[in-house]
Amino acid sequence: MKEKIVAFGEIMLRLSTPDYSTIDQTHSFVVNYGGGEANVAVALAHMGHKTYFMSKLPPNQLGDGAVTHLKANGVDTNYVVRGSSTIGIYFLETGFGGRPSKVIYNRKHSAITRIQEDEFDWDEIFKDATWFHISGITLALGERVRKVALRAVKEAKKHNTMVSFDFNYRSKLWTVDEAKPVYKEFIKYTDVVFASFYDANTILEIPLDDDFKGTTLSDKRRNVFPKMIEKYNLKYIFGTDRVVYSATENSLAGYYFKLDDKGLSCELTEPIRFNIYDRIGGGDAFASGVIHGLLKDFDNPQYAVRYGLNTSVLKHTIYGDASTFSCEDIETFMEANGSAEVVR
């Protein structure tokens with residue numbers, strides 16, 4: 001497959017504590033690069049797609065390192081502009097057993113926060129693009145970034161490019177009240193959304209029915225998601241349910257929702273229980289697998305959600321932010337664990 005996929009966001013320097021140590025214990029950090037949309041671009045490149053990353057990086061060795069990381073993983077960096085002097089950084093304290101992981105951000109004045117619309121040739125970027133992907137983490141990075149992001153989704157729609165949006169709300173970056181108007185405006189231009197009940201009910205403020213009597217999270221999704229799809233003219237909503245047994249053992253199930261003239265279609269996969277080597281980027285891997293599945297067969301969300309789920313589970317077994325598995329790897333894993341079955 002050679003569909004052109006464009007992703008816009010920030011790629012950061014990641015500093016991880018070694019050997020499950022805490023940040024205040026460690027005297028050294030393990031270094032790599034990652035960031036939500038960059039992780040999706042990397043994963044899809046390893047699945048055989050032609051991926052491009054849009055961003056702004058400093059013209060120094062740290063910026064060069066991020067570009068090298070992207071290129072080494074098959075991502076085109078022609079839409080990465082250079083300027084400012086700082087790269088976003090985050091510190092990761094890897095959890096173990098009952099102790100959860102912790103993340104500390106240092107990205108307030110990074111290069112992407114100085115980004116401008118006129119730094120990009122929009123027709124060049126979207127004239128032959130099949131898919132555009134972005135997440136709510138990027139929207140949290142400031143007014144300049146939001147302005148460029150909004151221009152990007154508008155240009156994508158003008159060029160008939162499919163737009164996917166991962167809510168990815170992060171309370172460490174902004175408040176719910178700050179996020180609400182931004183998400184409500186942005187989602188108008190999206191087609192495929194990765195979201196939870198919390199995102200729909202709290203951020204988009206879509207209420208449960210007055211007479212709602214459901215007791216489970218699945219019941220709540222079935223009540224709220226159809227209203228969200230109808231209100232914003234979405235094609236699909238995808239997401240995952242995670243059960244945490246410990247910092248190093250979780251289970252995941254995937255779901256999708258679709259509403260069309262035939263009515264509501266929604267399914268939940270059987271969960272997969274697995275051990276964790278590195279949890280960071282699991283959601284990005286899920287998004288990349290879903291996107292790949294939809295590009296392969298847009299009318300088969302059952303396949304897409306399974307592909308996303310298995311890609312995410314595999315990502316948890318390797319170090320780093322992004323999935324680097326080929327389609328053959330993922331499909332072999334799908335067959336081996338019997339996750340082809342989907343339950344209602």
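Guide: Before we start, a disulfide is a pair of cysteine sulfur atoms within 2.5 Å. Keep in mind that the model here is predicted.

Visitor: Okay, how many disulfides does the structure hold?

Guide: We're after cysteine sulfur pairs within 2.5 Å. Nothing in this structure passes that test, and the number of disulfides is zero.

Visitor: Is Cys266 buried or exposed?

Guide: Buried means under 20% relative accessible area. Cys266 has a relative accessible area of 7%. That value is under the 20% cut-off, so Cys266 is buried.

Visitor: Let's move to strand S2. Which residues point one way from S2, and which the other way?

Guide: S2 covers residues 12-16, and five of its five residues are buried. On one side you'll find Met12, Arg14 and Ser16. Pointing the other way are Leu13 and Leu15.

Visitor: Which residue in S7 is the bridge partner of Leu15?

Guide: S2 and S7 (residues 89-93) run parallel, joined by four bridges. Leu15 belongs to S2, and its bridge partner in S7 is Phe91.

Visitor: What stands opposite Ser16 in S3?

Guide: S3 (residues 30-34) runs antiparallel to S2, with five bridges joining them. Across from Ser16, the residue in S3 is Val30.

Notes: Residues numbered from 1 in each chain as written. Predicted model: local features only at pLDDT ≥ 70, side-chain atom pairs only at ≥ 80, totals over all residues. Heavy atoms only, no water. Buried < 20%, exposed > 50% of the residue type's maximum accessible area, 1.4 Å probe, protein only. Helix = DSSP H or I, 4+ residues; strand = E, 2+ residues; numbered from the N terminus. Pairing = 2+ DSSP bridges.
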